[in-house]
Amino acid sequence: MTASTLSTPRDSVKTWRRFKYPQSLIKYGIMLIILVFIAISIQYLNIHLERVLTMFGRLGNLFANRYYPPDIPYILDSEYLGYVFETVKMAYLGALFGILLAIPLSWFASFNMTPNKRFLYPVARFLLMVCRAVHEMIWTILLVTILGFGMLPGVIALSLFSLGFTGKLFSEEIEAINQGQVEAIQATGANPLKVFVYAVLPQVRVAWTGISIYTWDAAFRAATVVGFFGAGGMGWYLRRTVQQVESNRVAAILISIVGLVIISEVASAWARNKVSTS
Amino acid sequence: MATLEVKDLRIRYNRSGPEILKGLSFNVEQEDFFAIIGPSGAGKSTLIRCINRLVEPNSGDVILNGRNITKVGRRGLRKARRNMGMIFQEFNLVERMSVMDNVLSGRLGYIGNFRSFLRFYPRADIQRALELLDEVGLSDFVDKRADELSGGQRQRVGIARALIQQPQILLVDEPTSSLDPKIAREVMGMIKQMSEEAGVPVLCNIHDVQLALEFSNKVIGLQDGFKKFEGPTKKVDKATLDEIYAMEIL
Amino acid sequence: MMPSTLEHKLAKILTKRKKYKAIRYGLYIFIFLLVLGSIQTTIIKDTDWEKIGTFGTVVKALARFFPPDFSLFPHLVKPTIETFMIACLGTFLALVLAIPVSWFAAHNITPYKSITYPIGRAIMTLSRSVHEIVWGLIFVAAVGLGAFPGILAVAMRSIGFISKLTAEAIEDINPGQMEAIRATGANGFQVILYAVIPQILPVFVGNTIFQWDINIRRATIMGLVGAGGLGLTFHRQLVMYNYGGVTTVIIALLLLIAIGEVGSYYIRKAII
Ligand SMILES: Nc1ncnc2c1ncn2[C@@H]1O[C@H](COP(=O)(O)OP(=O)(O)OP(=O)(O)O)[C@@H](O)[C@H]1O
Ligand SMILES: [Mg+2]
């Protein structure tokens, strides 16, 4: 702060600019490109600004006048509750089958442990990729067109969804294991299956259990809506009430979905906690 | 008039918990390098944090150049804080920000929200930051990220950040305990020299008695929230130290 | 005294173990029976096996989807671009809205703990618990058909994920850096700007890219409820019984998702 330091700055420190020649230019350039892309997208998708501005009013109106009051007795009806029970069953069957299928597939699809790199590895990867890439609702629709309405297409769609979801996470866990134990078992001359069972499974068991619980949670969320496309469960009610514009019932169904998902989330968080601490 | 007056400062962290500071009073004069020594858990860090109210004291007064800091509101507190530079044991630099931005963050109390959002600082601040970085010997590191620096370098950035505030006092909490002995002495010397140049008194917590005796001109010995000793550094002898650190031996 | 208590403890642990083992096997059997029961009621009883027919008829139903109707390809360009843009704009909107939500839902920086914290958590939970199809239905009802409700639905669905992980990252930040900035006399806004944001930026950006990848998948189905993009084409081909066209749409959709996957991989690599 003294006068002497102020008046004699060293030459090398005289100036400083926040703008650095290549880095800052690249940074601002990328930001500009993103903004331009957003502007082009808004233009291309025909989004009108006044629609954005009136949106809140209309949303408020939707909730206040059409959804309110929710028709609570409708969701307490025993028939509806039966469908809720079906949804739960579909979800856990789907999750279960998905997880069971994911065990061999994720083994084949893990780069370090796959029994066959040339053939099994790419095939398993591809299968998992396709399961994950195609949205569960598209699976549902396709299966409903092939198999007809009912819970069977729902369970299969949820299984495929869970398989894609779990398979990737499972194989990532396998790829992160400790190779030392694997080599120890391999040294005894065990075949790949034995290596998998005795060296890999014990190491990934805890992580896999956590992932499986999480899968159940995700499958349940999806199960609440697969019925919308004809695959059983409470989603079917959603479709009916939406099509008949029974807004108060729609609201009640939405409340039931949110409530159930929250319950399942709390339960799965509890279970995951239990697994990771035990 | 003393630069900083602390009167009967008391604090407890929980209402039912123990009292950590039990009525502390002392004065820091314009030219002081004040060392606070004492065993671990004596309340040294708590005392420093009470002065700029990072921790709210339960009662007592902290008066900086005639302003009672314990009585001011939120806005007043921010004004008071920018008049007190603080240096931390763990440096507390924003790791993912450049050295320059870390130093400039010392000016946040003086600039508005808009300027701070754009990181658009007045020219004079930037100039001052460059000078300070030059003084602490970091002119080659201006655009480096803080997490690329060594411990000693980080603490020097911390010193520059505290001094760019143009503070009326420096609050220093164990500036050297994360550093090796040689660097520790350098950093202490730097704090002493630069605070003298700027004419700012220093209130410094320090665990290392040797360093305290070497750099300070006054010492407070703290033990279990009580002031066990206060006086000029030359009066500190073995008996005083034994008394202050009595708890630690037990 | 020592050995006896030790033995006692050991015995206790052993009996406990035995009890746990019994409980565990009981649980396994229970789950197994439950699964069998569910399979019986959901799959075997509920399904109209006669209508599905033999394995041959199923294969025939599948065969209708082949070969793909490649003449449809030129008509898929626009909806594919639309889908991509819905995903991008939805992610962008989610990113913007996730900022206040994560601010509210991080208990160490939330402005008025008793009010804003529960609000933040509630938005977070609501956003994640409602499936994108349902969000789509709600927004189509509110703002009409088109890409706009699709963007809103995709955004609503990902706010929760982005802000949950961001809020957790905020709760984990180094409080010393916040303290240091506060000690300079900075106000709350400046503390967030200088001490919080730099610390959580990598997590925030990483999650946003991750969500972008997922949002491309979500955008592909928005058309099923009237909210634009490839889903609409998919639905149209299906109701026209043009199964070859359906396959073509799925191929386009897989290509789009592959692009997203590769893109997000490289973006993440470039940033980290
Ligand atoms: N945030 C807090 N909440 C509750 N108690 C605290 C808190 N911070 C410190 N304490 C307690 O206050 C007492 C004094 O702590 P303080 O950190 O001030 O000691 P110190 O003299 O700085 O010790 P050291 O030399 O180890 O840094 C200790 O008993 C500590 O347990
Ligand atoms: Mg301390």
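## Basis of the model

This is a predicted model in which local features need pLDDT of at least 70, side-chain atom pairs count only at pLDDT 80 or more, and totals for chains, interfaces and linings use all residues. Residues are numbered from 1 along each chain as its sequence is written, chains are lettered from A and ligands numbered from 1 in the order in which they are written, and side-chain values use heavy atoms, with hydrogens and water left out.

## Around ligand 1

The residues near ligand 1 (a heavy atom within 4 Å) include Y13(B), I20(B), E174(B) and H207(B). By class, the shell holds four nonpolar, six polar and two charged residues, where Ala, Val, Leu, Ile, Met, Phe, Trp, Tyr, Cys and Pro count as nonpolar, Asp, Glu, Lys and Arg as charged, and the others, Gly among them, as polar. Helix 1 (residues 44-51) of chain B supplies the largest share of this shell, three residues; helices are DSSP runs of H or I with at least four residues, and strands are runs of E with at least two, numbered from the N terminus.

Taken alone, ligand 1 exposes 630 Å², of which the protein buries 58% (accessible areas by the Shrake-Rupley method with a 1.4 Å probe).

## Chain A with chain C

In contact (heavy atoms within 4.5 Å) are 53 residues from chain A and 64 residues from chain C. The two chains bury about 5200 Å² between them, 76% of it on carbon and sulfur atoms, buried area being the accessible area (1.4 Å probe) that two parts lose on being put together, summed over both.

Three salt bridges are counted between these chains (a side-chain nitrogen of Lys or Arg within 4 Å of a carboxyl oxygen of Asp or Glu), including one between R217(C) and E136(A), whose closest N and O atoms are 3.6 Å apart. Helix 3 (residues 49-67) of chain A gives the most to the side of chain A that touches chain C, with nine residues.

## Chain B with chain C

Here the contact takes 28 residues from chain B and 19 residues from chain C, and the chains bury about 2000 Å² between them, 58% of it on carbon and sulfur atoms. One salt bridge is counted, and E179(C) and R49(B) meet in a salt bridge at 2.7 Å, N to O.
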